[in-house]
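Trainee: Can we go through this one together, starting with the open space in it?

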Amino acid sequence: IHAPAPEPLALLKRGQICLYHPTLMAHRKVFDEFQYPYPEFKHAEDFAFHCLAVQKFKYGNIDEPLVYYRDHENQMSRIHSVEQKANVKKAIEVYL
């Protein structure tokens, strides 16, 4: 992965995800090192993982879109938005 834009750590500190889970490409050691997933951050497990990983591993983007995100009223981030936002905040406090 290359071409860092924008700075992932700055995005995470603001509670913004810097990449979407299905687009992540990484060596297995990245996942093994941080013992993913994190059930204590329900509905924000990916966010908690990125809070840890971005501090040790290089993040970046490629220019080509890999996924077209479908927005709909039944998606998990809408149904569980209150718990997700609380756990994003918790991950920022704990890891950043």
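Trainee: How much space lies in the largest pocket?
Mentor: About 700 Å³ lies in the largest pocket, a pocket being an open set of points on a 1 Å grid over the protein atoms alone, where a 1.4 Å probe fits, with protein on both sides within 12 Å along at least five of seven lines. The volume is the space filled by probe spheres set on the points, which are joined across faces, edges and corners. This is a predicted model, in which local features need pLDDT of at least 70 and side-chain atom pairs count only at pLDDT 80 or more, while totals for chains, interfaces and linings use all residues. Residues are numbered from 1 along each chain as its sequence is written, and side-chain values use heavy atoms, leaving out hydrogens and water.

Trainee: And how many residues line the largest pocket?
Mentor: The lining has 21 residues, with Tyr20, Asp46, Tyr69, Ser77 and Gln84 nearest the centre; lining residues have an atom within 4 Å of a point. At least two residues each come from α3, α4 (76-79) and α5 (81-95), helices being DSSP runs of H or I with at least four residues.

Trainee: Switching to His43, is that buried or exposed?
Mentor: His43 is buried, at a relative accessible area of 18%, where buried means under 20%, exposed over 50% and partly exposed in between, with a 1.4 Å probe and protein chains only. His43 sits in the loop between α2 (28-33) and α3 (45-53).

Trainee: Why call α3 largely enclosed?
Mentor: Because seven of its nine residues are buried, among them Phe47, Phe49 and Leu52.
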